[in-house]
Amino acid sequence: MTSGDLPDAAIYYQAWIKYFNFVKSSETKSKKPKYFFKNDVYKKQPSHSGNKDDQHGSFAIPTETSFFGIVYEDKLNILSSRETAFLRVIDSLSLDLIHDIPDDSHLKGGVRDLGKFSEGYCFEVITKEPVSGTFQMTEKETVPSKGSEKTWYICAEAEEVKTKLMNLIIQLRLKKQHKVGLWLKKNNPPKQQTISSIISPPSNEESGSKNSTDGYWILLQDWSSCSKKCGGGIQYQQLLCVPPKNGGKACKGEALRSKPCNHQPCPSVKEASEVLPKHGKENVAKPIIKLMPISSRPLRYDKCHLKEGDAIFTKNKAGVGIDNNPNKIPARVVMNDKTVSVYTDDTLATELGTFVIEKTTFKISEGKAHCFLLTSESIEGEFCNIDNNSKINFVDEWNYDFNLFKIQCRTERSVVNLNDKEEKELQDELQKKIDGAKLEVIKERTRKIQQKVQETPVNKAEKLQETAMLAMKKELAIDDLLQKEELEREDMETKALKQQLESEKKKDECLIKSIKEKELEDQYNLSRAQQDKEMSELREQAKQQILQKRKQVKMKIIQMRKRAERKKKILSNELQSLRSQVATQLNHVSKEGNMDLCFKPTNSEEDKKKLLKYCKNNFMDSSPVKFNECLAEPSFCYVCCESEFGDMHVKKRDQCYDKCDEVPKKGNEHSGSWQWVEPVN
């Protein structure tokens, strides 16, 4: 976008217009509209609507060929009425399909001024509709390469309305061309403007002009995103100077512009800590998600006329696609027998897209059971179910209604033939002139008769006779008139009865058609009711089966818990026993006893008593082998050392072993028992 392009806006202009479109052919040479579409809502509008108006005009429909036009950034939407306007979109002109417009000659491209006619001030828009699929303008293809030419005639009662509307369409189309890098000149073919062509402009010989040209800026990159989310950042805009020619003035200003952004202060850690709980573990509750309706106005359905619904809308964005487009917007979808329109609420300014049903195809999204695609000439979008708890199949319902509105409910657009209208106006004008001429002839005859009476005197008898003759003629003329009037009255009554008969026949046909449609609708409703009933029965059976299964699972879980409890007790006992063994073993390993209790016994009774007492106190609970080993006199001392000193006191146990290995000193044999003494180093 360059500095001369229009700024972004939700709605650029609104006004009453007349229009007609047709596929262009070689036989079409006239530059004057011959037809206008007829607005069928004109005769149905309420009488009180004519009392309201605003800056965009009257709320009432002015004439039978009037429609309300709304200019958006990428289209001109045409509405049949301003009452509940967002439900009344019947046609749409995509700016992407308009032929290219030269920057130096705006009226020599896809939009051309036709001038003034008896129908109003008119201009022409030439578009090219693609053969299939959706066309999106790119830097390589600004209009569809293959397609059919279509001409739009758009007229307005006031010249300023026509001029404003025409210039807006031109400027918005130029904005789109500039956005993809396209600048055109009248006598040059479409050419992409590149940096090399700007830096190295054509020479004077090529251009054929020696006039000086001032340098000017073109936009290379629009304002970037802010460098900081908070605390004050900077945005940058990059421009490029097209150099002056033949001594022209240089570009003024800087090629890199900047401006501050996001001035709001950043939240501090202290502020965050005040919000979070100070003590205890933070508990995060399970979120409660509740879908609210897009609009407070209830959804309406009128067969073949109106269907409303809510959905998640994702537009197919050029270079991004649908799946990678993060803008998935909850929207209100409005379908009538001509278009499908998408809004974020009930206002015209929130329009997201318009699909002309005649040129739109319906397709179920691949891999998404709850989504479908609408593909038109210049827009494609995906619609997904916003309420997954709904019992109605979202995709099947819209598939049925879309094909119903597109095929079965389709009606041809009514048109007004301007030639017939002009012929009728000429006949009315001729009849007025004939009536005026007859009146002038009668006046002239009356004047001559009066003049003759004044010039030629007559006697009373002749006058009386003449008066009687005139009276008789008048009487005869009256009889003829009465007979003629009676015949005309009979003809009129006969025609009226015939018209009533034709009207009744049409009513009868409409009634039969309505009855058939009602029968089809009842069959569909009965089928849907039967399906709902079967689904309810299946859900009830599934519910009972689930409850039974849950009961069985519950009993099984109780049994599993009992078995687990028994296993747990066994393992607990084993754990307790193991702990006791470990504690005993630990006590044995770390035991540091009395070395004096260990001695090498003799045959004396006292030693035998000591030996038996020690073995009973320490090895009674042990194995018989260990107990017998303790009672054996040769091994007692060693068993005692091993019992008194664990593995953690190996040194002292070895000292005890040494004591056992020593031979007792002999003394007086009658002096008492043997005594062990420590060796003296």
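Student: How many helices and strands does the protein have?
Tutor: The protein has 11 helices and 22 strands. Keep in mind that this is a predicted model.

Student: OK. And what share of the residues counts as buried?
Tutor: Of the 681 residues, 31% count as buried. The accessible surface comes to about 46600 Å², and carbon and sulfur atoms hold 54% of that surface.

Student: What about contacts between residues 24 or more positions apart, what percentage do they account for?
Tutor: They make up 63% of the contacts with a separation of 6 or more.

Student: Let's go inside. How many residues are in the largest nonpolar core, and which have the most contacts there?
Tutor: That core has 39 residues, and Val 111, Ile 154 and Leu 165 have the most contacts inside it. Helix α1, residues 159–179, gives the most to this core, with eight residues.

Student: Which residues does Ile 154 touch, leaving out those up to four places away in sequence?
Tutor: Quite a list: Ile 17, Lys 18, Tyr 19, Leu 76, Leu 93, Tyr 121, Cys 122, Phe 123, Val 125 and Leu 165.

Student: Switching to strands. Is β20 enclosed or open?
Tutor: Five of the five residues of β20 are buried, so the strand is largely enclosed by the rest of the structure.

Student: Which residues sit on which side of β20?
Tutor: Cys 371, Leu 373 and Thr 375 are on one side, with Phe 372 and Leu 374 on the other. Both faces are covered.

Student: How do β19 and β20 run, parallel or antiparallel?
Tutor: Antiparallel, with four bridges joining β19 (residues 361–364) to β20. Lys 363 has Leu 373 of β20 as its bridge partner.

Student: And which residue takes a positive phi in the hairpin of β19 and β20?
Tutor: Gly 367, with a phi near 75°. That hairpin has six residues between the strands.

Student: How many bridges do β20 and β21 pair over?
Tutor: Five, again in the antiparallel sense. Leu 373 shows up here too, with Glu 382 in β21 as its bridge partner. A hairpin of four residues joins β20 to β21.

Student: Now disulfides. How many does a search of the whole structure find?
Tutor: The search finds 10 disulfides. One of them joins Cys 371 to Cys 384, S to S 2.0 Å. The link of Cys 371 and Cys 384 is right-handed, with 115° about the S-S bond.

Student: What does the pair of Cys 371 and Cys 384 tie together?
Tutor: Cys 371 lies in strand β20 (residues 371–375) and Cys 384 in strand β21 (residues 380–385), so the pair ties together parts that are 13 residues apart in sequence.

Student: Buried or exposed, that Cys 371?
Tutor: Buried, with a relative accessible area of 7%. Cys 384 is buried as well, at 14%.

Student: And what does Cys 598 pair with?
Tutor: Cys 598 is joined to Cys 640 by a disulfide, S to S 2.0 Å. The torsion about the S-S bond is about -80°, so this disulfide is left-handed. Cys 598 lies in the loop between α7 (460–590) and α8 (605–619), while Cys 640 is in helix α10 (residues 633–644), so the pair ties together parts 42 residues apart in sequence. Both Cys 598 and Cys 640 are buried.

Student: Which cysteine is joined to Cys 615?
Tutor: That's Cys 630, with S to S 2.0 Å. The torsion about the S-S bond of Cys 615 and Cys 630 is about -90°, so the disulfide is left-handed. Cys 615 lies in helix α8 and Cys 630 in helix α9 (residues 624–631), so parts that are 15 residues apart in sequence are tied together.

Student: How accessible is Cys 615?
Tutor: Cys 615 is buried, with a relative accessible area of 0%. Cys 630 also counts as buried, at 0%.

Student: Last one: what does Cys 510 count as?
Tutor: Cys 510 counts as partly exposed, at 48% relative accessibility. Partly exposed runs between the buried cut-off, under 20%, and the exposed one, over 50%.

Key. Residues numbered from 1 in each chain as written. Predicted model: local features only at pLDDT ≥ 70, side-chain atom pairs only at ≥ 80, totals over all residues. Heavy atoms only, no water. Core = buried A, V, L, I, M, F, W, Y, C linked by side-chain atoms within 4.5 Å. Buried < 20%, exposed > 50% of the residue type's maximum accessible area, 1.4 Å probe, protein only. Helix = DSSP H or I, 4+ residues; strand = E, 2+ residues; numbered from the N terminus. Contact = heavy atoms within 4.5 Å. Disulfide = S-S within 2.5 Å. Pairing = 2+ DSSP bridges. Areas by Shrake-Rupley, 256 points an atom, 1.4 Å probe, with all protein chains shown as cover.
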